[in-house]
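Here are my notes on the model, point by point. Please read them with the structure open.

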Amino acid sequence: MEGCADRTIGSLDGRPLCRKHFLSSSYKTLETISAQIREAQFQERNAEAAGRLLEQCMRFAADIACAPEVPSSIERAQTLDLLLWASELHGRLRRSARVPARIPVLLRSETADRPWEEKSDTELLSRHGAQLVCHHEVNIDDRLICVRLDNGWRAEARVVWFRLRQSGEIEIGLEFLTNENFWGLENGATTSPSPAG
Ligand SMILES: [Zn+2]
């Protein structure tokens with residue numbers, strides 16, 4: 001958040017935030033989603049984005065709860081409250097399935113000033129995206145090329161969120177821009193790759 005010097009622990013809706021600002025921003029996010037969740041139009045158009053936001057809230061909250069620096073009792077109470085509220089709202093969204101599956105991919109950044117590529121494995125798949133670990137620094141909205149190493153398919157993807165794990169690894173969420181069904185997902189199951197074990 002602008003003007004804040006505290007350590008960033010992740011991003012919510014594309015904005016990097018510290019712990020304190022994460023808590024206040026999350027409450028606003030949950031209030032907004034809660035106010036609209038009964039509307040059919042909201043469920044049709046915004047369930048995916050809302051689900052992503054709620055997942056970010058839950059990950060953040062879990063990180064705060066597990067962090068070595070002990071939060072104040074107020075922050076701890078807020079964190080638990082957020083976690084329970086976000087998870088309740090998440091359960092009320094109508095979304096496409098998430099599939100835990102490990103598919104080897106090559107990620108490539110083709111920015112002129114700082115091109116890089118690395119191999120990674122997916123952790124979670126959805127029809128339009130994936131969650132995986134990336135060892136290069138990324139920003140929200142960065143465009144990456146994602147190539148499946150099992151079949152050579154490629155798609156352009158956008159970074160929709162990232163999160164710094166306590167291990168120091170960066171976990172990222174990708175959304176595909178160019179391929180409707182990159183994973184070959186049918187009714188919530190993958191057709192070719194085997195599930196992660
Ligand atoms: Zn802050």
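1. Which residue in β9 is the bridge partner of Cys-134? That partner is Ile-170. Strands and helices here are DSSP runs, with strands (E) of at least two residues, helices (H or I) of at least four, and numbering from the N terminus.

2. Two points on the source. This is a predicted model, in which local features need pLDDT of at least 70, side-chain atom pairs count only at pLDDT 80 or more, and totals for chains, interfaces and linings use all residues. Residues are numbered from 1 along each chain as its sequence is written.

3. Strand β9 (residues 170-176) is joined to β6 (residues 129-134) by six bridges, and the two run antiparallel. Strand β8 (residues 154-164) also runs antiparallel to β9, with seven bridges between them. Two strands pair if DSSP finds at least two bridges between them. Arg-158 has Glu-175 as its bridge partner in β9. The β8 and β9 hairpin has five residues between its strands, and Gly-168 there takes a positive phi near 95 degrees.

4. Now the overall fold. The protein has three helices and 11 strands. From the N terminus, the order is β-β-α-α-α-β-β-β-β-β-β-β-β-β. The radius of gyration is 17 Å, close to the 16 Å from the globule rule for 197 residues, so the protein is as compact as a globular protein of that length. That radius is taken over C-alpha atoms, and the rule is 2.2 Å times the number of residues to the power 0.38. The C-alpha atoms fill a box of roughly 50 × 40 × 30 Å along the principal axes.

5. Buried residues make up 22% of the 197 residues. Buried means 20 or more other C-beta atoms within 10 Å of a residue's own, exposed means 12 or fewer, and partly exposed lies in between, with C-beta atoms placed from the backbone.

6. Lys-119 sits in strand β5 (residues 116-126). Lys-119 is exposed, because 11 other C-beta atoms lie within 10 Å. Leaving aside neighbours within four places in sequence, Lys-119 is in contact (C-beta atoms, placed from the backbone, within 7 Å) with Pro-104 and Leu-106.

7. The axes of helix α1 (residues 19-36) and helix α2 (residues 40-66) come within 10 Å and cross at roughly 150 degrees. Axes are lines fitted to C-alpha atoms over the stretch in contact, and angles run from 0 to 180 degrees between N-to-C directions. The two helices, α1 and α2, are therefore roughly antiparallel, a label for angles over 145 degrees.

Notes:
Two residues are in contact if their C-beta atoms, placed from the backbone, lie within 7 Å. Angles under 35 degrees count as roughly parallel, over 145 as roughly antiparallel, 65 to 115 as roughly perpendicular and the rest as oblique.
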